[in-house]
Amino acid sequence: MKQLLMNRNEVFQRPSPKVLNTLKNFKAEHVNRYFDEIDGYYNSILIPKISKIFGISDKQVIISYGEEDFFRTVFERLSLQKDFILTSQLHYSYLDKYLYFKGINLLTFRMYEKDKNFVFDVEDCIKQYQKFNPKVILIASPNNPTGNSLSVTELEKILKNTRVETLVIFDEAYYGFDEGYNQQAFLSLLNKYANLVLLRSFSKRYALAGFRIGFALCGVNIKNLLNYQNRYLGLSRILEEVAIAALESEDYYKKISSEIIGDREYFIKSVRNFNNFKPFNSKANFVFMRVASGDIIKQMQDAFTKEEVIIGKFMDDNLLRVTIGYNEYTRKFLKLLERIDNLN
Ligand SMILES: Cc1ncc(COP(=O)(O)O)c(C=O)c1O
């Protein structure tokens, strides 16, 4: 049986009608030119759009082929074996794979469980920073895989304790699934801290993972710190047009986000009725949970082999991450958990 893997936190809803129309009506004459980033011969159209929406100078915007491309730009400037990156104890698995391959040291600060949440230990982050002087602090908020976020006050506390030569990257790949998020408060930090980057992706909220588009909103010193050279020949024009169409489809994407948020909260509430699974609160399109024992994990792994659609992903330590997207799959997965819970 060919299984459909839906456990990588992608958003499976269709992109907005405006995005689809942009693709359908894309003009061939738009591809016969280069589109330099800024101040070039024929300029990016996405950078001024982002600059306008977020109210920052176009010189403080970097666009990239997904966040991954931006990460590579950062990591390529680090010295092998010598430089450190500091991130949270539980983090995006790509970092381990890529940095290990590159020979760059990854340091972590502590996270802990408190009531129904995973929490970043901000004090430990500052302590590790002072001890090891990493070149980069990278925090995903909401964090993958734990789903918790860092408040603006906590981020500012970290920024106050870092030197301006340290790049602080706030990875907001999972932006859009937290109803309490105060965008203006985070944006205002960019004016105060020249070493801050707010990193965004079109992969999740805008359901465009396969297109590979991301952007960075940068404090004024970021391009210097990265020794960043604007892309001489620009980014792909079709991606720029698609990204603009997505940014202009807020109502459509808000609706999808609220459906996902509703589904997530329903899932968490339902799982709290079971004895063998402990879900943590989440601000993202996935839920992280603790499973009572390795034995139950084994039963789940067996059950997974018979499923057509897989939305759960096992992590170390009896932990499981569940991608929330379609109500139908969430409900089916709840039934599977209930069945296993009743057996134990
Ligand atoms: C925390 C985090 N950051 C970044 C990414 C990748 O983003 P992009 O698709 O824009 O490269 C992911 C993908 O799963 C992620 O989990």
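Q: How does the radius of gyration of the protein compare with that of a compact globule of 344 residues?

A: The radius of gyration is taken here over C-alpha atoms, and the globule rule is 2.2 Å times the number of residues to the power 0.38. With 344 residues, that rule gives a value near 20 Å, and the protein has 21 Å, which agrees. Along the principal axes, the C-alpha trace spans about 65 × 55 × 35 Å. This is a predicted model, in which local features need pLDDT of at least 70 and side-chain atom pairs count only at pLDDT 80 or more, while totals for chains, interfaces and linings use all residues. Residues are numbered from 1 along each chain as its sequence is written.

Q: How many helices and strands are there in the protein?

A: Both are DSSP runs numbered from the N terminus, helices being H or I over at least four residues and strands being E over at least two. The protein has 12 helices and 15 strands.

Q: What percentage of the residues is buried?

A: A residue is called buried if 20 or more other C-beta atoms, placed from the backbone, lie within 10 Å of its own, exposed if 12 or fewer do, and partly exposed in between. In this protein, buried residues make up 40% of the 344.

Q: Which domains is the protein divided into?

A: Domain bounds come from an automatic or database domain assignment. Domain 1 comprises 4–13 + 251–343, and domain 2 comprises 17–248. Their centres, taken over C-alpha atoms, are separated by 27 Å.

Q: How many residues does each domain give to the contact?

A: Two residues are in contact if their C-beta atoms, placed from the backbone, lie within 7 Å. By that criterion, 19 residues of domain 1 and 20 residues of domain 2 take part. On the domain 1 side, α10 (250–271) and β12 (286–291) each supply at least two residues, and α10 gives the most, with four residues.

Q: Which residues come nearest to the ligand?

A: A residue counts as near a molecule if its C-beta atom, placed from the backbone, lies within 6 Å of it. There are 13 residues around the ligand, of which G66, E67, A173, S201 and S203 come nearest. Helix α3 (residues 66–75) provides the largest share of this shell, three residues.

Q: What does the UniProt annotation cover?

A: Such annotations may be inferred rather than shown by experiment. Here the unreviewed UniProt entry places "domain: Aminotransferase class I/classII large" on residues 74–328. That span is 37% helix and 23% strand, and its end C-alpha atoms lie 40 Å apart.
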